[in-house]
Amino acid sequence: MTTEILLGLMMASAGAALFWPKGGLWYRWNASRRNVGRVEVEDALKHLYNCEYNRIVCTLENLAGALFVSTDRVAGVIERLSSMRLIVHHGSALKLTEEGREYALRVIRVHRLWERYLADETAVRELEWHSDAEKKEHLLTQREAEALAIRLGHPPYDPHGDPIPTVSGILPAQQGKPLHSFKAGDVVRITHMEDEPAAIYAQVLANKLFPGVSVKILDRSSAEMLIEVEGKNIALPTTVAGNVHAAFVDKKEAVLGPRRSLASLGMGDRGTVARISHACRGMQRRRLMDLGIVPGTVVEAEMKSASGDPTAYNIRGASIALRKQLAEMIFIE
């Protein structure tokens, strides 16, 4: 009798572990399946919107390529999108309905807001912003997204220069044109950078190209461009330049250099902060500004550490130690 009771209890426990509401394995497995399905739907909507925004025809084949799945699997995604009335077919072309467009813009808004948050308020590396936002865009509720937008001050652009859709679903046109479309002698300001593919984006970052940076086109060929950025000449492959967008800027407003950096001050020398390099971003930039390192601030080099790095600077009466790498991103008069 005791054995039968024990067996019964064990079977009941196993059943509870499998089927308990919101905690059982069966529930979690089903929830996981639903979540994967929703992620596929939302990723497909984003791709369809990007095709529409860039005036590219979206088909089953290029959607499968964008989602990195087989055409058979994407056919199931398309069937779900159709049944939800989020897309319509025009021959082999796929187009968003008004409902599908609104849904896609909500996902894009969350993605770009989260990238802005990572750039401004965390120490997460640039190369990780996109992949992190790819996950978060499927998890944040609309209420959480709006709270984030308020916290960030309703930014109009993400850190790559992409416009952030408004809460009402308005998405401004992207500014500028590919950098490789400008000619020698042109002075432009970077407005946008593609963050995919990651390998090319890494090259863009390595060359200190960021939205807001002024660039002078020195020379160009079919294979590469020679550009001037903050006083340095850079040979940029045309394939990389195609992922950077820029717009003309008044030459008087352009900041090209060369500029002296704070790191160049000798002990006892003073300099007035002109600006902080665009390469200094996020928490690092905020820390400098919190320390009073803003245009017009007078800074004096006081002493070096025994190893020569960091250096102590007198900033508004306080002695602040800064590493050379950071001091080189502070330009002075």
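# A tour of aromatic pairs, sheets and pockets

The count of aromatic pairs comes to 3, where rings of Phe, Tyr and Trp (its six-membered ring) pair if their centres lie within 6.5 Å. Planes under 30 degrees apart count as stacked, over 60 as edge-to-face and the rest as tilted. This is a predicted model, in which local features need pLDDT of at least 70, side-chain atom pairs count only at pLDDT 80 or more, and totals for chains, interfaces and linings use all residues. Residues are numbered from 1 along each chain as its sequence is written, and side-chain values use heavy atoms, with hydrogens and water left out.

**Stop 1: two aromatic pairs**

Select Y49 and Y53. The ring centres are 6.1 Å apart and the planes stand at 25 degrees, so Y49 and Y53 are stacked. Both residues belong to helix α2, 4 residues apart, about one turn of the helix. Helices (H or I, at least four residues) and strands (E, at least two) are DSSP runs, numbered from the N terminus. Y49 counts as buried at 9% relative accessibility, while Y53, at 27%, counts as partly exposed. Here buried means under 20% relative accessible area, exposed over 50%, and partly exposed in between (1.4 Å probe, protein chains only).

Move to W114 and Y117 in helix α5, which are 3 residues apart, about one turn of the helix. Their ring centres lie 4.8 Å apart with planes at 40 degrees, so this pair is tilted. W114 is buried, with a relative accessible area of 13%, and Y117 is buried as well, with 17%.

**Stop 2: the open sheet**

Next, colour the strands of the open sheet, 6 in the order β3-β8-β4-β5-β6-β7, with antiparallel pairing. Two strands pair if DSSP finds at least two bridges between them. β3 (177-178) and β7 stand at the edges with a single partner strand each, so one side of each is left without a neighbour in the sheet.

2 bridges join β3 to β8 (residues 244-248), and K177 has A246 in β8 as its bridge partner. K177 also lies over the face of F182, at 4.8 Å from the ring centre; a charge sits over a ring if NZ of Lys or CZ of Arg is within 6 Å of the ring centre and within 35 degrees of the ring normal. Then step across to β4, which pairs with β8 in the antiparallel sense over 5 bridges. The bridge partner of R189 in β8 is A247.

**Stop 3**

Select residues 270-276 and 298-304, which are strands β10 and β11; they run antiparallel and are joined by 3 bridges. T272 stands opposite V298 in β11.

K304 has T311 in β12 as its bridge partner. β11 and β12 form a hairpin with 6 residues between them, and G308 in the turn has a positive phi of about 95 degrees.

**Stop 4: the pockets**

Rolling a probe the size of a water molecule over the atoms shows where empty space is left. On a 1 Å grid over the protein atoms alone, a pocket is an open set of points where a 1.4 Å probe fits, with protein on both sides within 12 Å along at least five of seven lines; lining residues have an atom within 4 Å of a point. Grid points are joined across faces, edges and corners, and a volume is the space filled by probe spheres set on the points.

For the largest pocket, select H47, N50, H130, E194 and E196, which lie nearest its centre among 32 lining residues. The volume of the largest pocket is about 1,100 Å³. α2 gives the largest share of the lining, 9 residues. By class, the lining has 13 nonpolar, 9 polar and 10 charged residues. Ala, Val, Leu, Ile, Met, Phe, Trp, Tyr, Cys and Pro count as nonpolar, Asp, Glu, Lys and Arg as charged, and the others, Gly among them, as polar.

The second largest pocket holds about 800 Å³ of space. Select K208, F210, S277, A279 and M329, the closest to its centre of the 29 residues that line it. α5, α6, β7 (232-237) and α10 (282-290) each supply at least two residues of this lining. The lining of the second largest pocket has 14 nonpolar, 7 polar and 8 charged residues.
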